[in-house]
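I set out to record what could be looked up in this structure. The entries follow in the order in which I made them.

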Amino acid sequence: MDFYYLPLSAPCQSVMLVAQALGIKLNLKELDLFAGEHLKPEFLKLNPQHTIPTLVDNDVVLWESRAIITYLCEKYGKNDGLYPRDPKKRAMVNQRLYFDMGTLYQRFSQAFYPVMMQGQQLNPELVVKLDEALEFLEVFLEKTSFVAGDKLTVADLCVLASITTIDISVGHDISKYQQIQRWYAQLKESVGGYQEICHDGAVKFREHFNYTRQ
């Protein structure tokens, strides 16, 4: 299946982590957004929103990373370990996926994208909002070993990509969050493909924008 992506994108990284965990081989098609490759007619036919990641699996074309991730699990997962079928457990995983999309990564992007991409000054109020999101995650991890319960799920892999970007790409201080640090250290060692997908991708993100911590 074809996977249109950018290596420095945390949402793309999260899909790649899940695919690796499921043993799925992706036909990687890197798109240079900075050169406008996502606006070419052939890609717009696939995805009129011209966003990445975008997955093409025969007649199925999907974008939005969390939708792709859950699709891969439901279609190709050999069991429900990463995306449980039990309604209560799945609801918790879904909630954490939406938290990652709508709160954690969104607040990171609101705080740091203008600085990295437009050369603006860092807005302290937006940094406070990001720290609030990290505090929410800290509370989640005080109650359970993993982001959405006591076992690794796709929610962990999505949040791992976000936290790595927050940590490495912009050097935001997460040292005060003890539970996040515990969980982060564990997953960096145990998740297949972490180094080349997340860590190296976050370094590329920082280097592309020549970002220096403010």
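I looked up the accessible surface of the protein: about 10600 Å², with 50% of that area belonging to carbon and sulfur atoms. Such areas come from the Shrake-Rupley method with a 1.4 Å probe, and for residues only the protein chains shown count as cover.

I noted the provenance: this is a predicted model, in which local features need pLDDT of at least 70 and side-chain atom pairs count only at pLDDT 80 or more, while totals for chains, interfaces and linings use all residues. Residues are numbered from 1 along each chain as its sequence is written, and side-chain values use heavy atoms, leaving out hydrogens and water.

**Overall form.** I found 8 helices and 4 strands, in the order β-α-β-α-β-β-α-α-α-α-α-α from the N terminus. These elements are DSSP runs numbered from the N terminus, helices being H or I of at least four residues and strands E of at least two. I compared the radius of gyration, 17 Å, with the value near 17 Å for a compact globule of 214 residues, and the two agree. The radius is taken over C-alpha atoms, and the globule rule is 2.2 Å times the number of residues to the power 0.38. The C-alpha atoms fill a box of roughly 45 × 45 × 25 Å along the principal axes.

**Core.** I recorded 50% of the 214 residues as buried (buried is under 20% relative accessible area, exposed over 50%, partly exposed in between; 1.4 Å probe, protein chains only). The largest nonpolar core has 72 residues, and Leu104, Leu137, Val154, Ile163 and Trp183 touch the most other members. Such a core is a set of buried Ala, Val, Leu, Ile, Met, Phe, Trp, Tyr and Cys residues joined through side-chain atoms within 4.5 Å. Beyond its neighbours within four places in sequence, Leu137 is in contact (heavy atoms within 4.5 Å) with Phe99, Leu104, Val147, Val159, Ile163 and Ile180.

**Helix α5.** I located Glu142 in α5, residues 124–143; Glu142 counts as exposed because its relative accessibility is 53%. Its C-alpha atom is separated by 6.2 Å from that of Gln179, 37 residues apart along the chain.

**Backbone.** I checked the peptide bond from Ile52 to Pro53, which is cis with omega near 0°; Pro53 lies in the loop between α2 (41–46) and β3 (54–57). Asn58, not a glycine, has a positive phi of about 55°. Asn58 sits in the loop between β3 and β4 (60–63) and is exposed at 68%. Glu64 has phi near 75°, also positive, and is partly exposed at 41%.
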